[in-house]
Amino acid sequence: MPDAAPLPQKIGRYSVQRVLARGTMGEIYMASTQDSRTGAPVYYAIKVLNPKLAKKLPFLARFKAEIK
């Protein structure tokens, strides 16, 4: 398993809560933002590709396919 990177506080407009999973391809974080109407938290899973793998076309293509 790859070395654990420090937990980011934010990814875009999302506040990172914790790591859900780590693997060779990258990390999946539980993150949240607030609903603009109610102020209630809304939770998301955000997958971040390992930067070293992002430079390799087969891994980048696989990651993009997962998005679809």
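## Pairing of S3 with S4

In S4, tyrosine 29 has isoleucine 46 as its bridge partner, a pairing described here from a predicted model. The strands involved are S3 (residues 26–34) and S4 (residues 41–49), which run antiparallel and are joined by 9 bridges.

Between the strands of this hairpin of S3 and S4 there are 6 residues, and in the hairpin glycine 39 takes a positive phi near 80°.

## Pairing of S2 with S3

S3 is also joined to strand S2 (residues 14–22), in this case by 6 bridges, and these two strands again run antiparallel. Within this pairing, valine 16 has alanine 31 in S3 as its bridge partner.

## The sheet as a whole

Taken together, the strands form an open sheet of 4 strands in the order S1-S2-S3-S4, with antiparallel pairing. Strand S1 (10–11) and S4 are the edge strands, since each of them pairs on one side only. In general, the strands of a sheet pair through backbone hydrogen bonds, in either a parallel or an antiparallel manner.

Technical notes
Residues numbered from 1 in each chain as written. Predicted model: local features only at pLDDT ≥ 70, side-chain atom pairs only at ≥ 80, totals over all residues. Heavy atoms only, no water. Pairing = 2+ DSSP bridges.
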